[in-house]
Structures are given as structure tokens and as C-alpha cells.
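Please look over the sequence and the model first.

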Amino acid sequence: MSGHGTPIPMTSRPCGPLKGVANVPGDKSISHRSLILGAMAIGETHISGLLEGEDVLDTAKAMQAFGATVKSHGSGEWTVQGVGVGGFSEPENVIDCGNSGTGVRLIMGTMATTPITVTFTGDASLNSRPMGRVTDPLALFGTQSVGRAGGRLPMTLVGAADPVPVAYTTPVPSAQVKSAVLLAGLNVPGQTVVIEKEATRDHTERMLAGFGAEITVEDTADGRRITLTGQPELKPQNIVVPRDPSSAAFPVCAAIITPGSDVLVPNIGLNPTRAGLFATLQEMGADLTYENLREEGGEPVADLRAKFSPDLKGIAVPPARAASMIDEYPVLSVVASFAQGVTDMQGVKELRVKESDRIDAMAKGLRAAGVTVDEGDDWWKVTGLGHGKVPGGVTVASVLDHRIAMAFMVMGMATQKPMTVDDGSPISTSFPIFETLMGDLGAQLVRNNA
Ligand code: S3P
């Protein structure tokens with residue numbers, strides 16, 4: 001459904017209060033990593049709460065193609081019989097990662113230091129995204145790659161037969177790049193070091209430690225320095241995947257802009273490398289509270305309660321917070337449209353190389369809906385109209401990007417006239433239950449060709 005088939009136009013109509021409990025699916029980043037590290041462990045890893053969205057299912061298929069036994073037992077319960085570090089066999093066919101940049105980049109890292117040859121491809125969105133950011137550091141291990149112009153997929157990687165350890169400073173704030181290098185370092189004798197100037201999501205580091213790898217993290221003058229000792233025996237784990245804060249963002253923001261709403265979103269991981277949106281919403285004056293704050297599996301977790309917030313104000317979002325909310329800017333720009341004043345988002349160049357150019361996609365749709373947006377290479381500003389004053393009433397392009405589609409569906413809940421996206425099918429890559437979950441809260445979403 002993620003742009004591989006017939007487009008599904010989808011409309012969101014202005015609706016009454018959203019009320020109830022929103023049980024959002026498992027965390028996408030953690031789900032990918034559970035399958036990949038499970039495949040590299042010796043023995044059986046048990047995963048519960050796995051996100052069964054298309055991105056993650058593509059990674060599950062890939063792990064099977066490399067020789068792991070991956071089984072679904074229903075309702076998010078999965079097992080992975082791993083083949084051990086360096087145990088991947090050469091897939092018989094092309095690895096298709098669909099829409100998933102995380103999937104392809106992490107898997108490239110994982111196979112890069114095993115002497116096998118693998119060809120990767122994806123959908124039109126993924127095949128337009130830059131892979132050089134991953135293949136450049138992998139070349140330092142001795143991995144060869146050849147792809148299309150500009151380092152695009154389809155691309156073939158030849159894993160290094162005799163890999164050497166690498167010390168690498170990531171040139172862009174990217175957890176995918178960091179993770180690819182660390183996963184490659186697993187099958188390399190000696191220590192692989194990654195330095196990141198800005199902290200990005202740290203699920204790979206946490207999970208590698210959980211699987212028994214020797215990994216240390218230090219804050220230094222140069223940034224966060226991560227040192228991994230290669231060739232560990234990874235031990236299978238029982239993993240409970242927390243619910244995804246990036247998916248929680250949609251019902252939370254919908255409740256904040258829709259009059260009379262009161263929505264509880266339970267069990268959301270509040271890892272500081274992921275929770276930037278919620279701090280930003282609070283600074284804008286949103287009625288968003290953390291209930292039952294606790295720790296689960298080493299991660300802070302809380303139930304989020306979001307209520308309609310009539311007096312939102314635009315703010316300058318601190319650029320230092322960008323990495324911790326990088327996937328949430330599309331829906332934040334929707335909330336900003338209903339605030340008074342300007343929301344200024346700086347230091348967000350990475351938004352231009354996501355599943356789509358997210359600044360461009362949102363700016364075009366917001367402008368069509370009557371909102372003023374200014375933009376530069378690495379910044380954008382949304383001038384809010386205030387509650388009840390955003391016209392809407394247009395059809396906008398989702399450009400094969402799930403978060404663009406969901407952001408505009410949230411917007412249509414509070415605009416004066418409905419919002420339509422030309423294709424809602426990409427939503428199933430990360431949030432397959434979006435329509436029913438939002439519908440149960442009171443949203444009015446319809447498929448136009450149903
Ligand atoms: C992810 C990292 C981020 C994020 C993506 C998931 C991950 O990408 O946008 O949705 O799981 O590592 P970058 O590493 O390119 O910032």
C-alpha cells in the first residue's frame with residue numbers, strides 16, 4: 001500500500017471533540033533494531049509489541065533473506081532465530097526496503113563487513129534519497145558500493161572480506177548513519193568509534209548493550225563518542241517494544257487543535273532523544289501533561305494527556321532540539337497554523353532528505369490551505385492564524401510520505417473546510433491503524449474511492 005499500488009485519496013472533515021484512549025503502535029526505530037539485532041544474535045529473540053507496519057515488515061523479510069528465521073505469532077509477538085555476528089548468507093534476490101530509509105541504511109551497515117554481495121532497492125521515494133551518507137563511512141571498513149547517480153538506489157554493496165576498524169565523525173545529525181557504522185563494526189576485530197556532534201536517537205547503543213555487546217558512550221569536547229568492541233557474541237533477548245512517540249504525536253496534536261478534545265495516549269516512550277515535540281508543544285501553551293511517569297526497560301515512559309488548547313502561541317523552536325523531534329516537524333507545523341504568531345523552525349536541513357522534502361511538502365499544502373509559510377534551505381516559519389481561522393478546503397499531495405499524509409489529516413480536523421490528501425496509502429508504512437484509531441476518538445476520515 002505504500003505507494004506501490006493505487007493511490008487512496010483521503011479526506012478529513014472538521015470534527016467535534018476527540019475523546020478517549022489512543023493506543024498507538026510500537027516504536028518504528030526500536031522495531032527495526034529488534035529484528036536486526038535478533039538476526040545477529042545466537043538463539044531465539046522474542047519481541048512483543050513490534051510495529052507491524054510495512055517498513056518493519058520489509059526489514060523482517062530482509063532478515064529472512066539473510067538466513068535468520070523470523071516468525072510472526074500474531075498481535076505483535078515475533079521471534080527471530082539469529083545466525084550470529086558475521087553469519088549472514090548472501091540473499092538470492094534483491095532486498096526491497098520499500099519506503100524505509102531506516103531499514104535500508106541499517107541493513108547496509110549490518111551486511112557491510114560480511115563478504116557477501118547484496119543489491120538494495122525501494123519505492124520511488126526511497127530510490128530518490130541519498131545513500132552516500134552511509135556508503136561513505138562503510139567504504140572506510142573496505143565495503144564497496146555502486147549505485148545510481150548521486151548515490152541513489154538501486155545499489156549493490158560488496159561486503160568487506162577483511163574489514164578494518166573505523167573511527168568516524170558523522171557529518172550530519174543522523175541516527176541512521178551512526179547506527180549503520182556501529183552495526184558494521186560488530187563484525188570487525190578491534191574498536192569502532194562513532195562521534196556525533198549532536199546527540200541523535202540512541203536506541204542502537206541501548207539495544208547493543210542489552211544484547212551483550214561491549215559499548216561505551218562518553219560526552220567529550222568533540223561530541224558524543226561511542227566505542228564498540230567488535231565480534232561479540234550477541235545473546236538473544238526478550239524485547240518489549242514501547243509505543244512510538246512519533247506516532248503519538250498525531251493524536252496528541254489532533255486533540256490540541258480540535259475544540260473540546262481530551263485524549264489519553266498511554267505508555268509512550270519519553271527517551272530524551274525522541275521527546276522534543278512534547279516540550280515544544282508545552283512551550284506553545286498546549287494543555288499536555290505527563291501522567292503516571294515511570295521507567296520501563298531502562299526508558300522513561302508516561303501516559304500523555306492532551307486537551308484542546310485554545311491559546312496556542314508561536315515560538316522559536318531551539319535548533320538544538322531538532323534531532324529529538326526531527327520526524328515531528330510536519331505535524332508541529334500544523335499546530336503552528338492554529339497558534340497566534342510565528343513558529344520559527346531553524347537548523348532543520350535534514351527535513352529536506354526524508355521520505356520527501358518535508359519543508360517543501362508541508363509549505364505547499366499549508367499555503368494552499370491559507371497559511372503563510374516562509375522557508376530557506378535549513379529553516380521555515382509558519383505564521384499562525386489562530387484557532388478557528390484556518391481555511392483548509394483543498395487537496396494536497398502526500399508525496400509518498402506517511403507523515404505528510406497524517407499531518408494534513410490532523411489539520412482537517414480543525415480547519416474551516418475539509419482537507420484531502422491525494423494518497424493516504426503511505427500511512428500504512430508506520431501507523432497502519434491510524435484511520436480506525438483516529439475514527440474511534442471521533443475524527444471523520446474517509447477514503448474518497450471507498
Ligand atoms: C531513524 C532516524 C531518523 C528518523 C527516522 C528513523 C532511526 O533519520 O528520521 O524516521 O530509526 O534511526 P536520520 O537518521 O536520517 O535522522
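## An edge pairing

In this predicted model, β6 pairs with strand β7, residues 117-121, in the parallel sense. Two bridges link them. D96 faces T121 of β7 across this pairing.

## The four-stranded sheet

β6 and β7 belong to an open sheet of four strands. The order is β6-β7-β9-β8, and the pairing is mixed. β6 (95-96) and β8 (144-148) are the edge strands. Each has a single partner strand, so one side of each lacks a neighbour in the sheet.

Strands of a sheet pair through backbone hydrogen bonds, in either a parallel or an antiparallel sense.

Strand β15 spans residues 262-269. Six of its eight residues are buried, so the rest of the structure largely encloses this strand. The cut-off for buried is under 20% relative accessible area.

β15 pairs with strand β2, residues 19-21, through three bridges. These two strands run parallel. V21 has L264 of β15 as its bridge partner.

β15 also pairs with strand β17, residues 299-307. Here the sense is antiparallel, and there are six bridges. D262 sits opposite K307 in β17.

## A loop residue

Is A161 buried or exposed? Its relative accessible area is 62%, so A161 counts as exposed, the cut-off being over 50%. A161 lies in the loop between β9 (152-158) and β10 (167-169).

A161 and L351 are 190 residues apart along the chain. Their C-alpha atoms are separated by 35 Å.

Key. Residues are numbered from 1 along each chain as its sequence is written. This is a predicted model: local features need pLDDT of at least 70, side-chain atom pairs count only at pLDDT 80 or more; totals for chains, interfaces and linings use all residues. Side-chain values use heavy atoms; hydrogens and water are left out. Two strands pair if DSSP finds at least two bridges between them. Buried means under 20% relative accessible area, exposed over 50%, partly exposed in between (1.4 Å probe, protein chains only).
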